Amino acid sequence: MSMPAPQPTPLRFPPHFGWGAATSAYQIEGAVKEDGRGESIWDTFSRTPGRTRNGDTGDVAADHYHRYREDLDLMRDLGLHSYRFSIAWPRIQPDGTGAPNQRGLDFYRRLVDGLHERGIAPMATLFHWDLPQALQDAGGWEARDTAHRFADYAEIVFRALGDRVPVWLTINEPKTVVQNGYLSGHHAPGRQDPDAAYLVAHHLHLAHGLAVRALRSTGVDGRIGPAFNLHPCYPADDSPDAAAATRLHDGYENRLYLDPVFTGHYPEDVLADLGPGSRLARGVVEGDLAIISSPVDLLAVQYYTPIYVTADGGTVRRRPTSEARWQQIHPEGMYDILTRVTRDYGPVPITVTENGLPTRDTLRPDGTVDDLGRIAFLREHLTAAHRAIAAGVPLESYHVWSLLDNFEWAEGYDQRWGLVYVDYPTQRRIPKRSAHWYRGVIADNAL
Ligand code: FCB
């Protein structure tokens, strides 16, 4: 008699593990001229010829501003516990300062109420790159004052929504603003100015710290933390030079963001590399680092790719890539980065707020979207996250990027990152095969 094949043991997640999905305002909302919304730097940038693929803009995007109820139902059908979205600053303060625009606040009130009605916890990001254009005209993140404007805006939002939002994230991926907005220039505001870039990093950190303090001073009872995209850096070969170059690269990719918030210091090697006269070094005012290192309640980690560093400080590809050329698929990197932050920065609770990949999804004649590549990617990354939890990482929740296909910044609508397919001509939503798979994972709390 033949024995039945052994069933693989399911990988069970801890009780109360939070299963989620993420989006951001400019990438899904559309309705850029409605209910008093002001212009953001992404309106300006995406409308500038040559800046985005096919000249795509977020004018309509996934039309979520009008279809949010349908999207809330999709989330309920998935069984999500947590939904991470962002609040568009230009909807709340059209010019970035002054009295709030009530219609903007009302939209997010309806959204968070709709989440609660469906048993889903809201997780709100305060800034996901859509800076009011009026603030950019006044210097943008190069101006120290923008950090104070951000704290004012944050306080308005805390007072309006604080009773219904248990978790706040301050600035989404300050590194991407620095690197893409101010070094390569392929994101808004499209600058290529290394000296400005690291001053911008400091002001983004200051904005984060001031917002943390604003939350505490309002007496609102939420948790708050930063959202960093962290890239594990590995030497491309065994040479001592590659090891040294990797260390410095790690400084620019990870420690420049983690250290000021969690230790109250900028990394010495990065400061030395930038030089004593850098605008970062000159921009730090007495007391700033105390503000920046105000205690946070959690760390949001976004993981997409590792980086392999050569002896001369360059980078090379070592892993398979995806439709996003910058991405290398390395699930072990999830384990490495999660265990590393816990080891180096202490037992701060962690949430993964982004992880995913774009796939070549097509709507088949039978009305399905067969994104097997996404299922494999998510399964492997969740397996690595599970191992990190077993190794002692206090990981409390995980969010797929993204709930919906959306406007992927300079790549426009070409890349599809969603669990749910968006047929842009009709705005019809079609859960992909990965959505059905993810619903099962959530229901079982296991892989
Ligand atoms: C992250 C962004 C997010 C999305 C994903 C693919 O860097 O935070 O908005 O673009 O990448």
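User: Which residues line the largest cavity?

Analyst: This is a predicted model, so keep that in mind throughout. The lining of the largest cavity is made up of I41, W42, F127, W129, Q136, W141, T176, V177, Y182, H187, A188 and P189.

User: Which elements give two or more residues to that lining?

Analyst: Those are α2 and α8. The largest share comes from α8, with three residues.

User: And how many nonpolar, polar and charged residues in the lining?

Analyst: Nine nonpolar, three polar and no charged residues.

User: How much space lies in there?

Analyst: About 80 Å³ for the largest cavity. The count of cavities of 30 Å³ or more comes to four.

User: OK, A188 and P189 were in that list. What joins them?

Analyst: A cis peptide bond, with omega at about 5 degrees. P189 sits in the loop between α8 and α9.

User: Where's the other cis bond you flagged, the one with omega of about 15 degrees?

Analyst: That one joins W401 and S402. S402 is in the loop between β11 and β12. For background, most peptide bonds are trans.

User: Switching to the largest pocket. How much space is in it, and which residues are closest to its centre?

Analyst: The largest pocket holds about 1,100 Å³. It has 45 lining residues, and N180, H186, H231, T305 and W326 are the closest to the centre. The elements giving two or more residues to the lining are α8, α10 and β9.

User: Which element gives the most?

Analyst: α10, with five residues. By class, the pocket lining has 15 nonpolar, 17 polar and 13 charged residues.

User: β9 came up there. What sheet is it in?

Analyst: β9 belongs to an open sheet of three strands in the order β6-β8-β9, with mixed pairing. β6 and β9 are the edge strands with a single partner each, so one side of each has no neighbour in the sheet.

User: How do β8 and β9 run, parallel or antiparallel?

Analyst: Antiparallel, joined by two bridges. Y308 has V316 in β9 as its bridge partner.

User: Now α14. What span should it have, and what does it have?

Analyst: Its 14 residues should span 20 Å at 1.5 Å a residue, and the end C-alpha atoms are 20 Å apart, which agrees.

User: How many of its residues are buried?

Analyst: Ten of the 14, so α14 is mostly covered. The buried ones include M334, Y335, I337, L338 and V341, and also R340.

User: What covers them?

Analyst: The cover includes β6, α10, β7, β10, α15 and β11.

User: And which residue follows the helix?

Analyst: G346, with a positive phi near 90 degrees.

User: Last one, A207. Where is it, and what does it touch?

Analyst: A207 is in helix α9. Leaving out residues up to four places away in sequence, A207 touches W141, A147, F150 and I171. W141 is also in the lining of the largest cavity.

User: Is A207 buried or exposed?

Analyst: Buried, with a relative accessible area of 0%.

User: How far apart are A207 and G98?

Analyst: They are 109 residues apart in sequence, and 17 Å apart in space from C-alpha to C-alpha.

Notes
Residues numbered from 1 in each chain as written. Predicted model: local features only at pLDDT ≥ 70, side-chain atom pairs only at ≥ 80, totals over all residues. Heavy atoms only, no water. 1 Å grid on protein atoms, 1.4 Å probe; cavity = no way out; pocket = protein on both sides within 12 Å on 5 of 7 lines; lining within 4 Å. Points joined across faces, edges and corners; volume = space filled by probe spheres on them. Helix = DSSP H or I, 4+ residues; strand = E, 2+ residues; numbered from the N terminus. Nonpolar A, V, L, I, M, F, W, Y, C, P; charged D, E, K, R; others polar. Expected span 1.5 Å × (residues − 1). Buried < 20%, exposed > 50% of the residue type's maximum accessible area, 1.4 Å probe, protein only. Contact = heavy atoms within 4.5 Å. Pairing = 2+ DSSP bridges.
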